Amino acid sequence: MPGTLKILTGTSNPELAAAICNHLGCRLTPTMCETFSDGEIRIEIGDNVRGDDVFVIQPTCAPVNFNLMQLCLMLDALKRASAWRVTAVVPYYGYSRQDRKVSPRAPISAKLVADFLAAAGMHRLVTVDLHAGQIQGFFNLPVDNLFAQPVFLDHIRQMASDVVMVSPDAGGVERARSYAKRLGAGLAIIDKRRDKPNQATAMHVIGDVTDKTAVVIDDMIDTAGTMVAAAKVLLENGAREVTACATHAVLSGPAIERISASEFSQVIVTDTIPAGDKLGNCSKIKVLSVAGLLAKAIHNIHTESSVSVLFV
């Protein structure tokens with residue numbers, strides 16, 4: 001039977017962990033996360049966890065390698081401390097874009113990360129909006145790939161009634177269609193040609209966006225090149241205004257500057273990755289929290305209840 005519920009966090013997103021604890025009505029288990037002068041990570045769990053049901057909140061966002069190693073060391077420490085079950089709650093799963101061989105002699109990095117986490121002592125994974133759903137098959141243990149959709153839907157319903165959901169590329173059609181179905185909205189697709197990594201050119205729109213509020217749906221915003229190009233081509237095809245929704249605010253390189261100068265009326269992201277000081281003076285970006293969604297998942301897993309109710 002599950003022991004006491006314990007919530008731990010590394011240093012990648014302590015604000016999200018604290019918000020989850022507020023929803024659950026529990027406290028964070030103290031954990032020492034320090035760095036030696038040569039850069040090595042030192043981890044020590046501050047409470048007894050023997051026989052407990054432990055959840056470690058740690059998105060593997062930038063600095064990706066540091067946060068991934070910190071997570072692995074926490075999992076190893078909990079395994080050696082005889083925790084009953086250790087669940088890694090990784091709202092943003094780093095290296096997820098490298099989920100297959102796209103060229104000769106290239107690694108499948110998402111699979112390697114899965115092996116790291118399993119070897120470190122993880123019994124279960126909870127994540128949000130994996131870049132590719134098939135990554136779940138890289139694990140020989142339970143994986144709960146939650147969707148941020150309920151968080152976004154509440155916000156989109158407050159917008160103009162004449163909405164069309166837009167996929168920024170062919171790979172995201174299923175995601176956009178799911179939103180459109182629940183909102184009773186139209187669906188459009190942007191034909192995108194990618195010449196180099198992190199560079200994309202939106203060519204034309206498939207579907208009717210004329211005089212409608214176009215909402216571009218994606219799993220992440222990295223350098224924002226794809227999103228900004230999408231906004232431009234949608235307005236050129238007659239959209240009244242353009243909004244973007246993306247679960248993971250990677251926001252690397254020139255992303256903030258691009259969004260600030262873009263045609264978007266608003267860009268909505270979640271706190272799977274801490275936005276923090278990255279946002280600067282950019283008033284177009286709005287951050288919604290997935291703490292409630294993750295808290296429900298943690299509660300249901302701990303009480304051995306159904307997690308599938310969160311997907312309805």
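**Figure 1. Covered and uncovered faces of strand β3 in the predicted model.** Strand β3 spans residues 41-45. Ile 41, Ile 43 and Ile 45 make up its covered face, while Arg 42 and Glu 44 lie on the uncovered one. In a regular strand the side chains alternate between the two faces of the sheet.

**Figure 2. The hairpin of β2 and β3.** Strand β2 (residues 31-35) runs antiparallel to β3, and five bridges join the two. Within this pairing, Cys 33 stands opposite Ile 43 of β3, a residue of the covered face of β3. Five residues lie between the strands of the hairpin, where Gly 39 adopts a positive phi near 100 degrees.

**Figure 3. The open sheet of five strands.** Its strands follow the order β1-β4-β5-β6-β7, and their pairing is parallel. From one strand to the next the twist averages 20 degrees. The partner of β1 is strand β4 (residues 53-57), joined to β1 by five bridges, with Leu 8 opposite Val 56 in β4.

**Figure 4. Helices α1 and α8 against the sheet strands.** Helix α1 (residues 14-24) packs on the sheet and touches β1 and β4. The direction of α1 makes about 160 degrees with that of β1. Helix α8 (residues 291-302) lies across β1, β4, β5 (85-90), β6 (124-128) and β7. Relative to β4, α8 runs at about 160 degrees.

**Figure 5. The largest pocket and its lining.** The volume of this pocket is about 1,400 Å³. It is lined by 45 residues, and His 131, Ala 132, Arg 175, Asp 218 and Asp 219 are the closest to its centre. At least two lining residues come from each of α4 (149-156), α5 (173-183), β9 (186-196), β11 (213-221) and α6 (225-236). The greatest contribution is that of α5, with five residues. Sorted by class, the lining comprises 18 nonpolar, 14 polar and 13 charged residues.

**Figure 6. The second largest pocket.** This pocket holds about 290 Å³ of space. Its lining consists of 18 residues; Cys 61, Ala 62, Val 64, Tyr 92 and Val 250 lie nearest the centre. Of the lining residues, 10 are nonpolar, six polar and two charged.

Definitions and conventions: Residues numbered from 1 in each chain as written. Predicted model: local features only at pLDDT ≥ 70, side-chain atom pairs only at ≥ 80, totals over all residues. Heavy atoms only, no water. 1 Å grid on protein atoms, 1.4 Å probe; cavity = no way out; pocket = protein on both sides within 12 Å on 5 of 7 lines; lining within 4 Å. Points joined across faces, edges and corners; volume = space filled by probe spheres on them. Helix = DSSP H or I, 4+ residues; strand = E, 2+ residues; numbered from the N terminus. Nonpolar A, V, L, I, M, F, W, Y, C, P; charged D, E, K, R; others polar. Pairing = 2+ DSSP bridges. Axes fitted to C-alpha atoms, helices over the stretch in contact; angles between N-to-C directions. Contact = heavy atoms within 4.5 Å. Buried < 20%, exposed > 50% of the residue type's maximum accessible area, 1.4 Å probe, protein only.
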